[in-house]
Amino acid sequence: MSGVIFGHAGDAHVHVNPLVDVRQPDWREKVSGLLEDVVSLTARLGGTLTGEHGDGRIRTPLLNRVWHKDAVRAFALVKKAFDPGNIFNPGVKVPLPDQKAIGDIKYDPSLPPLPEKARTALDNLVKARGYNQFRLSLIGGSS
């Protein structure tokens with residue numbers, strides 16, 4: 001598997017983006033193995049999985065491997081205090097039950113396609129480079 005590595009050497013932080021062909025039947029196993037290697041090395045070196053971007057759905061189930069258990073517990077307490085209904089970004093910073101790091105990937109061909117209206121709106125957004133637009137407004141949702 002090939003990839004792109006870049007980062008902020010002065011800050012000792014590296015971005016690793018694997019270039020994944022999701023049409024290959026074993027892509028998920030390859031990515032999971034690569035992620036396991038990266039997390040193990042990061043934990044062994046005393047690092048974290050994020051730099052300036054924060055922990056999203058991919059990294060959240062792995063936080064207990066690189067953070068002390070007291071920190072992970074604090075993450076959950078803060079989440080519960082400010083979001084007792086777990087409606088804001090569920091599965092981010094505090095994992096959902098049985099959450100996996102490599103779940104649904106938006107380009108996975110085994111997933112059902114987006115509705116045509118949404119697919120067209122997103123394609124038009126990319127063509128126009130209109131990344132500042134509120135996505136729901138593109139398909140008639142509220143802004």
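In what order do the elements of the protein chain run from the N terminus on? They run β-β-α-α-α-α. That is four helices and two strands in the protein chain, where helices (H or I, at least four residues) and strands (E, at least two) are DSSP runs, numbered from the N terminus.

Before I go on, some ground rules. This is a predicted model, in which local features need pLDDT of at least 70 and side-chain atom pairs count only at pLDDT 80 or more, while totals for chains, interfaces and linings use all residues. Residues are numbered from 1 along each chain as its sequence is written, and side-chain values use heavy atoms, with hydrogens and water left out.

Confidence next. pLDDT is the predictor's confidence in each residue, from 0 to 100. The protein chain averages 87, and 97% of the residues score at least 70. Strand β2, residues 13-19, has the lowest confidence, at a mean of 82, and helix α3 has the highest, at 97.

Now the overall dimensions. Taken along the principal axes, the C-alpha atoms of the protein chain fill a box of roughly 45 × 40 × 35 Å. The chain has 143 residues, and 19% of them count as buried. Buried here means under 20% relative accessible area, exposed means over 50%, and partly exposed is in between (1.4 Å probe, protein chains only).

Let me take helix α1, which covers residues 27-44. α1 has 18 residues and reaches 26 Å from its first C-alpha to its last, close to the 26 Å expected at 1.5 Å a residue. The expected span is 1.5 Å times one less than the number of residues. Which residues of α1 are buried? They are W27, V31, V39 and T42. These residues cover an arc of only 90° around the axis, so they sit on the same side of α1. The arc is that of the directions from the helix axis to the C-beta atoms. The face turned away from that buried side carries the exposed residues E29, D37 and R44.

From T42 to L111 is 69 residues in sequence and 31 Å in space, C-alpha to C-alpha.

Helix α4, residues 116-128, can be read in the same manner. Its 13 residues should span 18 Å at 1.5 Å a residue, and the end C-alpha atoms are 18 Å apart, which agrees. The buried residues of α4 are A118, A121 and L125. They cover an arc of only 65° around the axis, and therefore lie on the same side of α4. On the other side, E116 and K127 are exposed. Just after α4, R129 takes a positive phi of about 55°.

On to charges. A salt bridge is a side-chain nitrogen of Lys or Arg within 4 Å of a carboxyl oxygen of Asp or Glu. How many salt bridges does this rule give? The count comes to seven, and I will go through some of them.

R23 and D21 meet through their side chains at 2.9 Å, N to O. R23 counts as exposed because its relative accessibility is 68%, whereas D21, at 29%, counts as partly exposed.

R73 pairs with D70, with the closest N and O atoms 2.5 Å apart. Both lie in helix α3, residues 69-82, three residues apart, about one turn of the helix. R73 is partly exposed at 45%, and D70 is partly exposed at 42%.

Are D83 and K79 buried or exposed? D83 is buried, at 6% relative accessibility, and K79 is buried too, at 17%. Their side chains form a salt bridge at 2.7 Å, N to O.

Last, the surface. M1, V20, L34 and V38 make a nonpolar surface patch of about 300 Å². Patches are made of residues with over 30% relative accessible area and no salt bridge, with like charges joined within 9 Å and nonpolar side chains (Val, Leu, Ile, Met, Phe, Trp, Tyr) within 5 Å. Accessible areas come from the Shrake-Rupley method with a 1.4 Å probe, and for residues only the protein chains shown count as cover. M1 itself is in the segment before β1 (2-8), and with a relative accessible area of 53% M1 is exposed.
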